[in-house]
Structures are given as C-alpha cells and as structure tokens.
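Keep the viewer open and follow along.

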Amino acid sequence: MGSRANGAAAGKVTSTSNGSATVDKDVDFANYFCTYAFLYHQKEMLSDRVRMDAYYNSVFNNKHHFIGKTVLDVGTGSGILAIWSAQAGARKVYAVEATKMAEHARELVKANNLQDVVEVIEGSIEDITLPEKVDVIISEWMGYFLLRESMFDSVICARDRWLKPTGVMYPSHARMWLAPIRSGLADHKMSDYEGCMDDWHGFVNETKSYYGVDMSVLTKPFSEEQKKYYLQNSLWNNLHPNQVVGTTAILKEIDCLTVSVEDILKVEATVSSTIIKEDTRLCGFGGWFDVHFKGRKENPAECEVELTTAPSINDGTHWGQQVFLLHPAVRVNEGNEILVNFSMSRSEENHRLMNVDLGYEIKLSSGKTLPPVRNKFYIE
Ligand SMILES: C[S@@+](CC[C@H](N)C(=O)[O-])C[C@H]1O[C@@H](n2cnc3c(N)ncnc32)[C@H](O)[C@@H]1O
C-alpha cells in the first residue's frame, strides 16, 4: 500500500475564484499536514530507495549547482534534502517545513554539524519571509499520479517569490503517463461490490421482518455510494510491466521553471494507445509519473537524473501507480487502437483530491469502432 499524506478530509475549499481555490487553512492543517508531522511517515518516504537514490544522485552528481550557492528546500520534512544540499557545498540552505517535523529536522541538522549552513524555518512556505533570493529550489512535492496533494502550488509560490531569475529547480521537469492494463483487481472489486449488495438485500429483509420498516427505498442510493467506493475510486497498485498491454502515452509535460498554478488546475489530453499483446483483456488504465533533474538551459545539469514511478520488475516506489478499472473488462487484440479522452481536475470539496473523467473508444483491426465509453473516477 502507498503511503503519501492522507488527504481524504483535507482542506475544504471555502470559495473559488478564477478556477483557483481559497482554502480553509485550519482544516487543511488538521487533515493534510498532520500526517507529515509523524516520523513514522517521514521514515516511509526516507526508505523509498528509488526516490532517495534519484534525489541523492541529482544533488551529488551536480555539485556545481550547489557549491557556494543559496538553496531553498520547500517542505523539508526530516531535513534530508537540505542536509544533502549543505553536504554538496551550499553556502546557505533555508529548510522550510509547515509541521512540527521542523523541530526534528533542526535536531538532525545539528547532529550532522550543519547548523551554520542549514536554517530550519517552521511555517508555511506561503507565509514565511527569507532575507534573500536563492539559486536553487529543491523539493519533493509529488503526490500520487503526480498532482494529488496539490503541493506543487506551494513550490510554484516559492519559485515566484524566492528564486533568482537565473535559478534552478530540483526537479526541473515532470510528466504524467497513462497506459492500458490488465489486472485481476477489476474482478475482485466487482465481486466485493456484489457481495456488499447481497448483504444489503439481506439487511433490508431482516429490518422489514424484525422491525417493521421497509428500507428498500434506500437501495438505490446505497448502491450508488458503494459503487463509488468499490468501482470508481482509483486504486494504489504496484503493477508489473507485463500488466501493461498497450503503448504508453504522455498526458502532461511540466517545466517546473515556467509552469503556473493555472496550468495544473486541470489536466486534459486526448491520447491513443496500440494494444501490444495478443488476445488479452483491457481491465483498465494505469497512471504514473516521472520527474527529471536537468537544471536549466543556461545552467544545465552535468548529470541528468530521472526518477520514474513506472511499473517495474525491480523495486517499485511508495507512489506505485494509480489504477482506473473498467467494469466490465473488454477483450482486445494486438493492433487494436484505443483513443482516450482524459480529464483530471481538483475536487470541489477538497483541492488536494482529484476527479478524473476517462472516456475511451476502441478501434478494432477490422476498422470497426466499438461504442465510446465514459467513466468517472476519484483519486482520494
Ligand atoms: C513529501 S514530504 C517531503 C519531505 C522531505 N523533503 C523529503 O524529501 O523526505 C513533503 C513535506 O512538505 C511539507 N509541506 C507541504 N506543503 C508545505 C507548505 N506549503 N509549506 C511548508 N511545508 C510544506 C509537508 O509537511 C511534508 O513534510
């Protein structure tokens, strides 16, 4: 199971203007940030070797970006990225953390004898003030399927306020990917849903015979509620590459130096994929992301590093992939074309969670096109 911040009840949006949200900060703090205040949770991220190796290599193989420079670590957590930046030769590192984890970070910095370089600041990046602009912004802001948690908004805010015009972003680029998959999970989830409805019908019968109240008028809303829970929530999964049955497609490319919050409020793409397996089942779609550390055009990385969360036979990441299951699955064959209309936007109730509209159309090798299908999913 993945282990990113719980956002399920976080940050109720109190009003919206121009597509961007005004958030109730107290609710957001109580529900979103609180997860990050636990060492237990920081340790899970610190134990993700793929994530750690990528950030470590990006810093230590590109020391020219750090030696004698000023760095801002947005959301320092335990302080790990700030500590590496200092060890790579930074002159000054501002390590900003919204939660009480800042106290642990301060201790860790001192225990590693870097207190003269790293200054830990407890506060939201949106609210704090720095005495100077910085050469580098480093941050690990990526949520499930890249944008869940909406933490990138805070990095953009930091960039616009504190990055020098010549500054470098770590990571510098990000991409979202989608591919058709096969998975036994679709059948499991459908049988969980059916079992739950069987149980409901038994409950309705018993309530009528024992207590004289007919509950059957609630069958439809109960079924809708449970359908959403079992069939429409996207699932965390560590897919094996063999489960990917078609070519992969890029849904979104982000240049971290120039992107605006407006650009990431909604991700919309029409992409196509060709089935690459003979006689298989299309059970859904898998979504994942990668980020790159390339520096900037005028000041490139000496060694570019990629952090990918794609299906892998080796160690997966704690992000895994997000799986959007189809009910029912569809029989497909090598060479069939799938045209996907994808749209992802923020939940109106909670800006850190996402709603996905996923429409698809299958063109068979005979040239015949199957009727289009549209599905709604929730990344919660
Ligand atoms: C995914 S964790 C990464 C922690 C650490 N940088 C690492 O790589 O292990 C993100 C951290 O950013 C913090 N954070 C998120 N939004 C923030 C904001 N607006 N201001 C300050 N800290 C924030 C969270 O509390 C959390 O500790």
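**Exercise 1.** How many aromatic pairs does the structure hold?

*Solution.* First, the ground rules: this is a predicted model, in which local features need pLDDT of at least 70, side-chain atom pairs count only at pLDDT 80 or more, and totals for chains, interfaces and linings use all residues. Residues are numbered from 1 along each chain as its sequence is written, and side-chain values use heavy atoms, with hydrogens and water left out. Next, the criterion: rings of Phe, Tyr and Trp (its six-membered ring) pair if their centres lie within 6.5 Å; planes under 30 degrees apart count as stacked, over 60 as edge-to-face and the rest as tilted. The count is 17 aromatic pairs.

**Exercise 2.** Describe the pair that F145 and F324 form.

*Solution.* Start with geometry: the centres are 5.8 Å apart and the planes make 50 degrees, so the pair is tilted. Then locate the partners: F145 is in the loop between β6 (134–139) and α6 (152–162), while F324 is in strand β14 (residues 321–332), 179 residues apart.

**Exercise 3.** Where do F289 and W319 lie?

*Solution.* F289 and W319 pair edge-to-face, 5.2 Å centre to centre with 80 degrees between the planes. F289 belongs to strand β12 (residues 280–296) and W319 to the loop between β13 (299–308) and β14, so the pair ties together parts 30 residues apart in sequence. Both residues, F289 and W319, are buried.

Definitions and conventions: Helices (H or I, at least four residues) and strands (E, at least two) are DSSP runs, numbered from the N terminus. Buried means under 20% relative accessible area, exposed over 50%, partly exposed in between (1.4 Å probe, protein chains only).
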